[in-house]
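Thank you all for coming; I would like to walk you through one model this morning, and please have the sequence and the structure open while I speak.

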Amino acid sequence: MDNKILRCGVVGSGRGAAVASCGFKNSKCKIVAACDHNEKVLAHCKEYFESMDVNDVVYLSDYDEMLKMDIDAVIVATEAVYHVPIVKKAFEAGKHVLCEIPSVTSIEEAYELKKIVSEHPDLIYMAAENCCYWAFIETWKKMREKGEFGDVVFAEAEYLHAINPEEFSPDNYPEGHWRTYISAIKYSTHELGPLLYIMNDRCVSVSCMTADVEYNPYFPKKNSTAIAIFKTEKGAVIKLLVSFGAYTSYDHNYRLCGTRGSIETDRRTIVDNAHSFANLASIPGTFSQKIEIPVAAAYLDEYGNTSAFGHGGGDSRMFADFVDCVLENKKPVLDVDFAIKMSIPGIIASQSAEQNGVNLEIPNI
């Protein structure tokens, strides 16, 4: 696609509006259509786009009609249970896909998605796991590849995202909201994605427990807090906490421990602005004295200004990578195999929790 502008449509105009807006800042892309079956959501998307002086987007309620348009790619940002059938339709229509996470919600969907993508080798599928695009995650990955941590022994991450009790309301989670039918641990890719990306590893088994305590009286009882322990193919252990049901505000915390070094994010500061702190055998004196690694979520330009746009800059860099992969016919790092590798463990973890924490094998799909 030399010198071509990638023409994109977005389906699921709630979260999708934020992802698609990254295209307004990308000279290689044009957002030409937005689709949602919910008229209120679609109207809000239109208002949001127009507030950014974007007035030439076509707004549709019928996804099939959008696929008939002159577009090259589809941004899939609907509820997770619709991801696979929407991706299938997009591929059958000859469109590339950037799909929100989790990519699949069942083992059966994982096999189906793998089959769909394999049947269309000329099309790009990429998982939209924005946390993999944070600057400090890329820094940790390069440090691991250089041997700064030695062999990884243990890793952990936390996704905390609750509501202030002052905002508790019966309207927080209307019928159909993804949190009303997906247990918290199934939404684990924001943590597993970056860790598996850094470690170049995969999870092979899991044991998971959920809390019975209710924090928000209006929150549907769908296991809103869970801890999972994963064993990896390389022999490391990963501890993962996902909580939408505690007084925790919003944050992501990560830690990596190896035979020659350890590193963790600063929990005193929200992840968008937090630097990392490390103990490294390669730097004498740091065994008992952590040193600061001055990299946060967002990348800085040559003048030291933040390039953050959407989730600490993760959205914009993720979107730009997708555009480049399509235009340059380049395989994404977050391809279908990686999408499944970071989605399936949460599904099996949920099954483990339903069986009181029994250890379960995670299939290699």
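First, the ground rules: what we are looking at is a predicted model, in which local features need pLDDT of at least 70 and side-chain atom pairs count only at pLDDT 80 or more, while totals for chains, interfaces and linings use all residues. Residues are numbered from 1 along each chain as its sequence is written, and side-chain values use heavy atoms, with hydrogens and water left out.

By a nonpolar core I mean a set of buried Ala, Val, Leu, Ile, Met, Phe, Trp, Tyr and Cys residues joined through side-chain atoms within 4.5 Å; buried is under 20% relative accessible area, exposed is over 50%, and partly exposed is in between, with a 1.4 Å probe and protein chains only. Helices (H or I, at least four residues) and strands (E, at least two) are DSSP runs, numbered from the N terminus.

Which residues does tyrosine 125 touch, if we do not count those up to four places away in sequence? The set consists of Val87, Phe91, Val97, Cys99, Ser103, Leu113, Val117, Pro332, Leu334, Asp335, Val336 and Ala339, where contact means heavy atoms within 4.5 Å.

Two of those, Val97 and Cys99, bring us to strand S5, residues 96-99, from which they point one way while His96 and Leu98 point the other, and all are buried. S5 pairs with S4 in the parallel sense over four bridges, and valine 74 stands opposite valine 97; for pairing, DSSP must find at least two bridges between two strands.

Elsewhere there is an open sheet of nine strands with mixed pairing, in the order S14-S13-S12-S11-S7-S10-S9-S8-S15. Strand S14 (291-293) and strand S15 (360-361) stand at the edges with a single partner strand each, so one side of each is left without a neighbour in the sheet. Within this sheet, strand S9 (residues 225-232) and strand S10 (residues 237-243) run antiparallel and are joined by seven bridges, with alanine 228 opposite leucine 240.

Turning to a helix, is H7, residues 189-199, mostly covered or mostly uncovered? H7 is mostly covered, since eleven of its eleven residues are buried by the definition I gave, and among them are His190 and Glu191 as well as Leu192 and Ile198. Asparagine 200 follows H7 and has a positive phi, near 50 degrees.

Now the charged pairs. A search of the whole structure finds 21 salt bridges, a salt bridge being a side-chain nitrogen of Lys or Arg within 4 Å of a carboxyl oxygen of Asp or Glu. One of them joins the side chains of aspartate 315 and arginine 15 at 3.1 Å, N to O. This pair links distant parts of the chain, with aspartate 315 in helix H8 (residues 314-327) and arginine 15 in helix H1 (residues 15-21), 300 residues apart. Aspartate 315 is buried, with a relative accessible area of 1%, whereas arginine 15 is partly exposed at 25%.

Finally, the loops. Glycine 14 sits between strand S1 (6-11) and H1, and is partly exposed, with a relative accessible area of 42%. Leaving aside neighbours within four places in sequence, glycine 14 is in contact with Asp36 and Val41. Threonine 180, in the loop between strand S7 (152-161) and H7, is buried, with a relative accessible area of 18%.
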